[in-house]
Amino acid sequence: MSGGAAADRRAAVQQSLSVAAATGLYAISFGALAVSAGLDLPQTAALSLLMFSGGSQFAFIGVLGAGGAAASAVATAGLLGARNGLYGPLVSPFLRVRGWRRAAAAQVTIDESTAVSTAQPTREAARTAFWWTGVGIFVLWNVFTVAGALLGDALGDPRRYGLDAAAAAAFLALLWPRLGARVARVVAALGMAVALVLTPLVPSGLPVLAAAVVAIAVEWLRGPEDPAAAEPAAGP
Amino acid sequence: MSDHALTWLAVLAAGAVCFAIKMVGHLVPEHWLAEPRIARTSSLVTVALLAALVGVQAFGSGPGLAIDARLPALAVAALALALRAPFIVVVVAAAAVAAALRALGMP
């Protein structure tokens with residue numbers, strides 16, 4: 001990483017906007033599916049504003065659309081949102097926010113904002129990435145939820161434009177520089193394997209949570225030796 | 001209670017639950033997080049999180065898994081990264097490869 005703080009911040013903004021565009025547009029599918037699951041437009045829009053967690057939202061409308069009880073829709077959404085609770089401790093040390101800003105930060109604490117921000121080389125770049133990714137996805141997610149609910153699938157499948165591949169490539173690019181240490185490569189391989197094995201078996205959102213648990217288990221099984229193996233990049 | 005009101009109640013309750021979960025994570029006391037071991041763990045959690053997101057984004061398909069135009073697109077992205085291409089080039093190249101292959105009829 002060269003070019004100083006301004007270059008780090010520019011790179012963070014660019015990465016954030018790429019990820020925000022590649023993931024935010026998926027809200028078209030969410031809006032269309034929510035309406036076909038029986039929700040009206042205000043309910044669909046409220047879900048994206050208040051819940052703002054893709055896995056939880058798709059599961060919520062999935063349960064309701066299949067005729068499930070409201071209480072089980074709420075429980076499923078909460079279960080899938082559990083991983084977002086794990087992300088707060090990762091991002092709060094570099095965000096250092098209080099009051100309403102902390103509530104705003106909590107609301108945009110999701111897979112993508114956590115992944116892009118904690119992958120940055122400095123705390124400043126991490127802060128920049130967190131807010132640009134989080135707020136960028138929040139804005140696009142809510143706009144395209146309404147667009148999807150109003151227009152259905154008329155806007156077309158985001159996959160036609162390769163947006164799903166773009167999101168995968170963005171995460172790979174963020175992962176790439178962190179694979180230097182052997183333990184990181186092992187954790188990356190295990191995390192991806194666990195997520196893929198679980199994907200057909202459990203609701204979306206849980207495979208990513210399981211991968212995070214694998215990383216915690218590896219670190220705690222490894223014991224306190226070998227302190228140089230995993231260098232915290234943006235962490236404390 | 002009407003179905004419509006019940007759905008509203010569920011929307012508001014689920015939104016509150018999901019927000020509360022996120023907020024609890026932000027309220028973990030900072031001195032708990034200052035331990036070096038926690039910092040190393042969080043660094044590894046980031047690696048696992050990114051790797052899982054790569055896997056799910058590249059192979060996830062509805063409730064299952066699929067190999068489709070995303071795999072060659074991801075291979076091109078990896079090649080671009082190995083050649084030290086800038087982030088935006090990596091992302092745009094992957095999207096272009098997947099879009100082109102799908103235009104040619106690949107799933």
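A residue is buried if 20 or more other C-beta atoms lie within 10 Å of its own. Keep that cut-off in mind for Val56(B). Val56(B) has 26 C-beta neighbours inside 10 Å, so Val56(B) counts as buried.

One caution before going on. This is a predicted model. Everything I say is read from predicted coordinates.

Where does Val56(B) lie? Its place is in helix α3 of chain B, residues 36-59. And what does Val56(B) touch? Setting aside residues up to four places away in sequence, the list is Ala195(A), Thr199(A), Pro207(A) and Val208(A). Those partners carry the chain A letter.

Now confidence. The model scores ipTM 0.89 and pTM 0.81. Chain B averages a pLDDT of 92. In chain B, 100% of the residues score at least 70. Which helices of chain B mark the lowest and highest confidence? Lowest is helix α2, residues 30-33, at a mean of 79. Highest is helix α4, residues 70-82, at 97.

Chain A next. Its mean pLDDT is 89, and 92% of its residues reach 70 or more. There is one stretch to flag: over residues 229-233 of chain A the pLDDT is below 50. Beyond near neighbours in sequence, that stretch has 17 contacts in the model. Treat those with care. Where pLDDT is low, the predicted coordinates should not be read in detail.

On to the domains of chain B. The assignment gives domain 1 at 1-34, domain 2 at 39-65 and domain 3 at 67-107. How far apart are the C-alpha centres of domain 2 and domain 3 of chain B? They lie 18 Å apart.

Let's look at helix packing. Start with α4(B) against α5(B). Their axes come within 8 Å and cross at roughly 155 degrees. That angle makes α4(B) roughly antiparallel to α5(B), because angles over 145 count that way. The crossing is right-handed. On the α4(B) side, the contact is made by Arg70(B), Pro72(B), Ala73(B), Leu74(B), Val76(B), Ala77(B), Ala80(B) and Leu81(B). On the α5(B) side, the contact residues are Val89(B), Val90(B), Ala93(B), Ala94(B), Val97(B), Ala98(B) and Leu101(B).

Take Leu101(B) from that list. Leu101(B) lies in helix α5 of chain B. Is Leu101(B) exposed, partly exposed or buried? It is partly exposed, because it has 19 other C-beta atoms within 10 Å, and buried would need 20 or more. Outside four places in sequence, Leu101(B) touches Ala69(B), Pro72(B) and Met106(B). Its C-alpha is separated by 9.1 Å from that of Arg70(B), which is 31 residues away along the chain.

Between α4 and α5 of chain B there is a loop, and Arg84(B) lies in it. With 9 other C-beta atoms within 10 Å, Arg84(B) is exposed. Most residues other than glycine have a negative phi.

Chain A has a case to set beside it. Phi of Phe52(A) is near 40 degrees, again positive in a residue other than glycine. Phe52(A) lies in the loop between α3 (41-51) and α4 (54-65) of chain A. Buried or exposed? Phe52(A) counts as buried, with 25 C-beta neighbours inside 10 Å.

Helix α9 of chain A, residues 163-175, packs on α5(B) at an angle of about 150 degrees. The axes are 7 Å apart. So α9(A) is roughly antiparallel to α5(B). This crossing is right-handed. Which residues make the contact? From α9(A) come Leu163(A), Ala165(A), Ala166(A), Ala168(A), Ala169(A), Ala170(A) and Ala173(A). From α5(B) come Phe87(B), Val90(B), Val91(B), Ala94(B), Ala95(B), Val97(B) and Ala98(B).

Last stop, Gly68(A). Gly68(A) lies in the loop between α4 and α5 (70-95) of chain A. It counts as partly exposed, since it has 14 C-beta neighbours inside 10 Å. Leaving aside neighbours within four places in sequence, Gly68(A) is in contact with Val63(A) and Ala73(A).

Terms used
Residues are numbered from 1 along each chain as its sequence is written. Chains are lettered from A and ligands numbered from 1 in the order in which they are written. This is a predicted model: local features need pLDDT of at least 70, side-chain atom pairs count only at pLDDT 80 or more; totals for chains, interfaces and linings use all residues. Helices (H or I, at least four residues) and strands (E, at least two) are DSSP runs, numbered from the N terminus. A residue is buried if 20 or more other C-beta atoms lie within 10 Å of its own, exposed if 12 or fewer, and partly exposed in between; C-beta atoms are placed from the backbone. Two residues are in contact if their C-beta atoms, placed from the backbone, lie within 7 Å. Domain bounds come from an automatic or database domain assignment. pLDDT is the predictor's confidence in each residue, from 0 to 100. Axes are lines fitted to C-alpha atoms, for helices over the stretch in contact, and angles run from 0 to 180 degrees between N-to-C directions. Angles under 35 degrees count as roughly parallel, over 145 as roughly antiparallel, 65 to 115 as roughly perpendicular and the rest as oblique. A crossing is left-handed if the near helix is turned anticlockwise from the far one by less than a right angle, and right-handed if clockwise.
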